[in-house]
Amino acid sequence: MTRIALISQSANLAYFAPLVQAAAPELDVVVWPDPAFREAEVAMCWNAPPGVYAQMPRLRLVHSIAAGVDNVVAGQDLRGLPVCRVVDPKLADGMVQYVLWSVLHFHRRIDVAMANQRNRVWQRPLQTPAADCRVGLMGLGKLGGAIARSLLGLGYAVNGWSRSAHDIEGAAMFSGAEAFDDFLGKTDVLVCVLPLTDATRGILGKRTFDALPRGAAVVNCGRGEHLVASDLLAALDSGQLRGAVLDVFASEPLPQDDPLWQAPGVVVTPHMATMASSAVVAQQVADNVRRLEAGQPLHNAVDMSRGY
Ligand code: NDP
Ligand code: OXD
């Protein structure tokens, strides 16, 4: 009987046990730190404790419960193990909604209206057509591609930046490090939906902010470690940036004393941009375990040479 271990150092994944069991009754499900995890062939993880796979000699598959795999591979010796992620079209729907709300916040100057409300000021902020608002998407994968198409449908000017070249009708496409500054210079609202890798860590920092037009805004829905928070605060302070919507943080929950909570122009949300349903996650993991056992190619396997 194949054993699957639910592993997280920050969340109690026990709620997945009945869902995985329902999707694959033949599996033996255990929850870390139950010592039985050591004999598991499959690790189903969010924020895995560093070094945990080294304690699992029978391990054959690492499966993230999320779209990102950064926190299931960080600090681990993967010894060539396959790593899979969750890809769910409904996940993209949620992200599209969140990013649309963030873009509207800046494009329709809701941020200005809210600041005015706090001072009882009745003043209509400048309103401009969507076509005049240039949204720059960092990442054009499952999520970024869906965001691009939705925003284009609403009339926004969409620029996209990715590692390899893409073609999305109606959007201006940029790829690679050499095109980054050009992309930034044409962006009013910068949206990050990149995966966290060695190449993208800290990418939302001073150099990037300085290359944006003065008064641009930033939305981070990727990972907290994309952002250099001190650089963001400095850019807001100097007026280089007008505001930021932040959904993800290097430390979650965001610590009580973190300056981002109170920074003028910053909206903090608790990693809620989107989430796959637990039943869908359990089904996708169960399907992949069956594929593993049958020697078939796995779905949504991550290319660990590029880190996503
Ligand atoms: P994908 O793997 O489908 O897409 C990743 C995109 O990022 C691709 O377009 C890729 O380029 C691009 N990219 C990767 N590295 C670089 C780089 N160095 N330079 C330029 N572009 C790069 O991922 P998803 O769209 O499914 O998810 C993206 C991330 O969103 C997740 O990893 C996760 O961190 C985050 N997320 C956040 C959630 C939230 O609630 N806040 C929920 C779900 C996900 P290319 O196309 O050329 O390969
Ligand atoms: C994900 C997330 O990566 O929830 O799916 O952040």
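1. Is aspartate 188 buried, partly exposed or exposed? This is a predicted model, and in it aspartate 188 has a relative accessibility of 21%, so the residue counts as partly exposed.

2. The partner of aspartate 188 is arginine 134: the two form a salt bridge whose closest N and O atoms are 3.0 Å apart. Arginine 134 belongs to strand β6 (residues 134-138), while aspartate 188 lies in the loop between α6 (180-185) and β9 (189-192), so the pair links parts of the chain 54 residues apart. Arginine 134 is partly exposed as well, with a relative accessible area of 29%.

3. Next, please look at arginine 242 and aspartate 111, which form a salt bridge with 2.9 Å between the closest N and O atoms. Here strand β11 (residues 241-246) supplies the arginine and helix α4 (residues 110-118) the aspartate, 131 residues apart. Aspartate 111 is buried at 15% relative accessible area, whereas arginine 242 is partly exposed at 28%.

4. Glutamate 26 and arginine 290 also meet through their side chains in a salt bridge, 2.9 Å from N to O. This pair links distant parts of the chain, 264 residues apart: the loop between α1 (16-23) and β2 (28-31) holds glutamate 26, and helix α9 (residues 278-294) holds arginine 290. Glutamate 26 is partly exposed at 34%, and arginine 290 is partly exposed at 34% too.

5. For context, the structure holds ten salt bridges, including the pairs discussed above.

Definitions and conventions
Residues are numbered from 1 along each chain as its sequence is written. Chains are lettered from A and ligands numbered from 1 in the order in which they are written. This is a predicted model: local features need pLDDT of at least 70, side-chain atom pairs count only at pLDDT 80 or more; totals for chains, interfaces and linings use all residues. Side-chain values use heavy atoms; hydrogens and water are left out. A salt bridge is a side-chain nitrogen of Lys or Arg within 4 Å of a carboxyl oxygen of Asp or Glu. Helices (H or I, at least four residues) and strands (E, at least two) are DSSP runs, numbered from the N terminus. Buried means under 20% relative accessible area, exposed over 50%, partly exposed in between (1.4 Å probe, protein chains only).
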